[in-house]
Amino acid sequence: MIEKSEAVVLKTLNHGDTSKIITLYSRESGRLKLIAKGVRSPKSKAAGLFQPTRHLQVVYYAKPNSDLQMFKSGELVNGFFGLEDDFDRLTLAQVVVELLERSVEDEQSHPVLFELLVDTLKRLSDKNTAASGAYWFFHLQLLSELGFRPHVGHCSTCREPLVEEGFLGGHHPHPECIKCHESTRHTVRISGGVIQTIQYLLAEPWSTNERAVLTASERRNLWDFLWNYTFFHIESTRHMRSLKVLRQLYG
């Protein structure tokens with residue numbers, strides 16, 4: 001059966017002498033794997049399509065009960081070429097696609113998540129948009145859509161409001177107050193400013209989120225919270241390759 005799908009390239013893997021296995025996130029089918037035969041051949045017209053972050057329209061042969069489908073043809077919808085001129089933005093875009101690839105299940109359609117992915121890549125490729133803010137919005141909205149929405153407004157143990165600070169770490173999956181939290185070497189303190197920013201990024205649409213302003217220390221604090229929280233809830237994200245470069249930029 002021939003299927004047509006709008007999708008974003010998440011990663012590629014060389015296969016044989018001239019082929020590639022392409023992992024995409026599609027609007028219609030969620031995470032999708034295609035084998036593109038001969039695509040690495042110098043004569044292939046599709047060779048430039050399969051760069052991670054590319055937004056494509058693909059046609060493929062679908063086999064029932066198969067994890068790997070056969071690529072037939074494709075065309076570029078958006079290459080997000082603005083990313084190629086800015087190393088920081090390109091790094092964040094690579095983190096976006098790898099984080100999504102490691103977080104979702106195969107063949108589970110989630111149109112809202114697809115739109116979030118495409119919109120985030122558009123924002124990151126636009127030099128007039130704050131890159132870190134666009135990434136933070138994506139990361140928190142992704143967690144929320146996957147059922148891991150961070151609840152930072154109150155202590156997860158005693159339910160008292162977290163106003164000035166909260167603490168994440170140890171064996172507890174959600175922030176706690178200083179009275180309830182048992183500190184370990186992995187504890188992350190969350191400042192009041194970061195708590196407010198997380199709530200704001202989760203509650204408000206993107207059109208208002210560009211106004212979020214953090215100090216340098218609060219920015220590092222937010223990065224620490226995001227990844228420690230994500231590692232706890234989505235184990236497969238712990239060994240992301242793109243994180244090594246991200247840590248050099250924002251560590």
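**Close-up 1. F80 in the loop between β5 and α1.** F80 is found in the loop between β5 and α1 (87-103); helices (H or I, at least four residues) and strands (E, at least two) are DSSP runs, numbered from the N terminus. Although F80 is not a glycine, its phi is positive, about 50 degrees. F80 counts as buried because its relative accessibility is 2%; buried means under 20% relative accessible area, exposed over 50%, and partly exposed in between (1.4 Å probe, protein chains only). The model is predicted: local features need pLDDT of at least 70, side-chain atom pairs count only at pLDDT 80 or more, and totals for chains, interfaces and linings use all residues. Residues are numbered from 1 along each chain as its sequence is written, and side-chain values use heavy atoms, with hydrogens and water left out.

**Close-up 2. N65 in the loop between β4 (55-61) and β5 (69-78).** N65, a residue other than glycine, has a positive phi near 60 degrees. With 86% relative accessibility, N65 counts as exposed.

**Close-up 3. T23 in strand β2 (residues 19-26).** T23 counts as buried, at 2% relative accessibility. Leaving aside residues up to four places away in sequence, T23 touches V8, V9, L10, K11, R31, L32, K33 and E101; contact means heavy atoms within 4.5 Å.

**Close-up 4. The aromatic pair W136 and W223.** Rings of Phe, Tyr and Trp (its six-membered ring) pair if their centres lie within 6.5 Å; planes under 30 degrees apart count as stacked, over 60 as edge-to-face and the rest as tilted. The ring centres of W136 and W223 are 5.9 Å apart and the planes are at 65 degrees, so this pair is edge-to-face. W136 lies in helix α3 (residues 131-145) and W223 in helix α6 (residues 216-233), 87 residues apart.
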